[in-house]
Amino acid sequence: MEKVSEVFFSEHGLTSTSASHLADLAQEVIAGNEAKLKNMTFLTTKVDIVGSASESGKTICVGYDENMLAQVHPLLEDIASMNAFCAWMREAVKAKDKELKRVANFTFEEWCTLQGVEIPSSPSYPKETTEADIIAQMNIKERNHYLQLEAVAATIGKYIHPGGQFSSAREELQNGIMKPYSTDNGKDTLIYAHVPSVDPQKVEDVFFELQKWHRQNERELNKMKFAIKKQAEKQNLENTHRFKQELESEKQCHMMLFTQYKEWQLKEREHISKLKINVPEALQNTYEQLSRLEE
């Protein structure tokens, strides 16, 4: 454990869950106290109408009296102590999480260095073969065909999908057929007549023809993508299998060390998980106050 984190922990104290819960309670206390101080004023304000009867004014704001004034210091003191409690507990929880993460991320190689043992030489784990790698391996004809399919899918989709130029123009035509006239009321009322500039059925024919083309292209593109994905998976499996075979000769020594490393990691995590968060003497009163609220 890092030296800077040791101050937060001991064998006795609070769990991280309890600490977080009490910190949440402290925040509720802070919110309540701040609400009491939110509208602090030392003026009582009345409002009246000029010429109205004497003493007819309405009190619209009551200023703090001496009793309320006397509460300001205790309330601020309470807020400060609650904030100090929250700061300590959250820093402690953060430190614990950091230690757990440090152990979880502590690599086998780092552990071997820590223990002063030499890692048996072993083959490098194969780099993952991605779909981009498979595409890069295509010959000129295959790769050009793949890029053409992508280009067609992007181009046609851009025009026929909702919001696309062709789709919008088709919708505009259909609306124009349903409502052949429209007006614009300004200084003069303008009447617009909407007349199809082309046979609507031909527009429909072209739209569905493009849609069919797009679907066919998508099917072929998806088929290629699926084949590429399967090829990448196959190559990864083959690479992994080959790696395991190469590793077998080093396995016994390596496995013994790795088992020790995992046991160390587990023991460290268990130790850190069992650590309790110290409640400093200066925060004891605040802790007891929050504990009573929890009951």
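Select S167: not counting residues up to four places away in sequence, S167 touches Y159, I160, H161 and P162 (contact means heavy atoms within 4.5 Å). S167 sits in helix α7, residues 165–178; helices are DSSP runs of H or I, at least four residues, numbered from the N terminus. At 13% relative accessible area, S167 is buried (under 20%; exposed is over 50%, partly exposed in between, with a 1.4 Å probe and protein chains only).

The model is predicted: local features need pLDDT of at least 70, side-chain atom pairs count only at pLDDT 80 or more, and totals for chains, interfaces and linings use all residues. Residues are numbered from 1 along each chain as its sequence is written, and side-chain values use heavy atoms, with hydrogens and water left out.

Next, select α2 (residues 16–38) and α10 (residues 284–294). Their axes come within 10 Å and cross at roughly 90°; axes are lines fitted to C-alpha atoms over the stretch in contact, with angles from 0 to 180 degrees between N-to-C directions. So α2 is roughly perpendicular to α10 (65 to 115 degrees). Show the side chains: α2 brings H21, L22, L25, A26 and V29, and α10 brings Y287, L290, S291, L293 and E294. Seven of these residues are nonpolar, two polar and one charged.

Now the cysteines. C253 is partly exposed, at 41%.

Conventions. Helix = DSSP H or I, 4+ residues; strand = E, 2+ residues; numbered from the N terminus. Parallel < 35°, antiparallel > 145°, perpendicular 65-115°, else oblique. Nonpolar A, V, L, I, M, F, W, Y, C, P; charged D, E, K, R; others polar.
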